[in-house]
Amino acid sequence: MDKDRIAGAAKDFAGKVEGAAGSFAGDAKTEASGRAREAAGTVQNLYGQAKDATRDVGEAAASMAKDAYDNSGDTFRDGKKAVAKTVQDNPLGSLLIAGGIGFALALMLTRQPRRPPPRWRYYS
């Protein structure tokens, strides 16, 4: 629990008490001051809740990233085994797929031939 939440709850409670005392005594200034303190406490409490939520989300993301990092070796090994089994079961299809990927990469990586710059002829 964040210290802003605790301080906000305390201000909220104090504002309610002050507002009720001002209302009971018939003092509008004290009542207004109590309502303002109550509003400030509510805002501070909400700020503390937002900080807590942000911290919780950050911790959850870090935990998920750590779990993914810890399990990445297993995932890689499982994928490697699956690809090896597929290649063993269907070597011709695997060869055609690898050739197609190589051809597509070659098309993407080749440059267009350079054209000579246009020659401007000035006629006088």
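1. A quick word on terms before the details: contact here means heavy atoms within 4.5 Å. With that in mind, look at Glu18, which touches Thr30, Ser33, Gly34 and Arg37 once its neighbours within four places in sequence are set aside.

2. Some background for your reading. This is a predicted model, in which local features need pLDDT of at least 70 and side-chain atom pairs count only at pLDDT 80 or more, while totals for chains, interfaces and linings use all residues. Residues are numbered from 1 along each chain as its sequence is written, and side-chain values use heavy atoms, with hydrogens and water left out.

3. Where does Glu18 lie? Glu18 is part of helix α1, residues 3-25 (helices are DSSP runs of H or I with at least four residues, and strands are runs of E with at least two, numbered from the N terminus). Glu18 has a relative accessible area of 17%, so it is buried (buried means under 20% relative accessible area, exposed over 50%, and partly exposed in between, using a 1.4 Å probe and protein chains only).

4. How many salt bridges does the structure hold? There are 8, where a salt bridge is a side-chain nitrogen of Lys or Arg within 4 Å of a carboxyl oxygen of Asp or Glu. One of them pairs Lys51 with Asp4, with 2.9 Å between the closest N and O atoms. This pair links distant parts of the chain, since Lys51 sits in helix α2 (residues 28-89) and Asp4 in helix α1, 47 residues apart. Lys51 is partly exposed at 28% relative accessible area, whereas Asp4 is buried at 12%.

5. Asp52 forms a salt bridge with Arg5, and their closest N and O atoms are 3.0 Å apart. Buried or partly exposed: which describes Asp52? Its relative accessible area is 8%, so Asp52 is buried, while Arg5, at 23%, counts as partly exposed.

6. Asp52 also meets Arg55 in a salt bridge, at 2.9 Å from N to O. Both residues lie in helix α2, 3 residues apart, about one turn of the helix. Arg55 has a relative accessible area of 40%, so it counts as partly exposed. Which residues do the shared partners join? Arg5, Asp52 and Arg55 form one network of salt bridges.
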